[in-house]
Amino acid sequence: MRTLRGPSETRSLSGTRAGSGGAVARPKERHVLQFKIGCLELERSRRAKEKAVAMERIRGIDARLAAIDAEIGKHHGDLGYAVSLAQDPGTGVIEDRVPGAGQPRRMIRYGG
């Protein structure tokens, strides 16, 4: 004949969480946390790729700006201007001086 077990002899998972401060997930929640980790890793890889593409675009823009500045300088040289870059680069004002003259030949203002 079988003997009946009392509550003290019954095994349960209630003791797995006690004393650990909640650091160990219950088996029912473990897959949820693993899924969240997987989603976060996918998002991180997408963001890293997006950042690399954005940085490449910025490098392309910087290269084009340098080419534009070189072309402007070439055209100023072809016209016989000596470009004075003693200006604030953010103002958009370029002073052109005639070789041998002490006065600015003309002033070009870009923007407002």
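The following dialogue examines how the terms applied to this predicted model rest on their definitions.

Tutor: The model is predicted, so local features require pLDDT of at least 70 and side-chain atom pairs count only at pLDDT 80 or more, while totals for chains, interfaces and linings use all residues. Residues are numbered from 1 along each chain as its sequence is written, and side-chain values use heavy atoms, with hydrogens and water left out.

Student: What is the mean pLDDT of the protein, and which element has the highest value?

Tutor: pLDDT is the predictor's confidence in each residue, from 0 to 100. Its mean over the protein is 76, and 60% of the residues reach 70 or more.

Student: Why is Arg47 said to form a salt bridge with Glu50?

Tutor: A salt bridge requires a side-chain nitrogen of Lys or Arg within 4 Å of a carboxyl oxygen of Asp or Glu. The closest N and O atoms of Arg47 and Glu50 are 3.6 Å apart, so the pair meets that rule. The two residues are three apart in helix α2, which means a separation of about one helical turn. Arg47 and Glu50 are also linked with Glu43 in a network of salt bridges.

Student: Which other pairs form salt bridges, and what is the total count?

Tutor: The count comes to four. Among them is Glu56 with Arg59, whose closest N and O atoms are 3.0 Å apart; these residues lie three apart in helix α2. Another is Lys74 with Asp78, at 3.2 Å, and here the residues are four apart in helix α2, about one helical turn.

Student: Why is Glu56 called partly exposed, and what is Asp78 called?

Tutor: Buried means under 20% relative accessible area, exposed over 50%, and partly exposed in between (1.4 Å probe, protein chains only). Glu56, at 48%, therefore counts as partly exposed. Arg59, at 47%, is likewise partly exposed. Asp78 has 56% and is therefore exposed. Of the 112 residues of the protein, 6% count as buried.

Student: What makes Ile61, Leu65, Ile68 and Ile72 a nonpolar surface patch?

Tutor: Patch residues have over 30% relative accessible area and no salt bridge; like charges are joined within 9 Å, and nonpolar side chains (Val, Leu, Ile, Met, Phe, Trp, Tyr) within 5 Å. Ile61 has 46% relative accessible area, so its value lies over the 30% cut-off. Ile61 lies in helix α2 (residues 27-79), and the patch covers about 310 Å².

Definitions and conventions. Accessible areas come from the Shrake-Rupley method with a 1.4 Å probe; for residues, only the protein chains shown count as cover.
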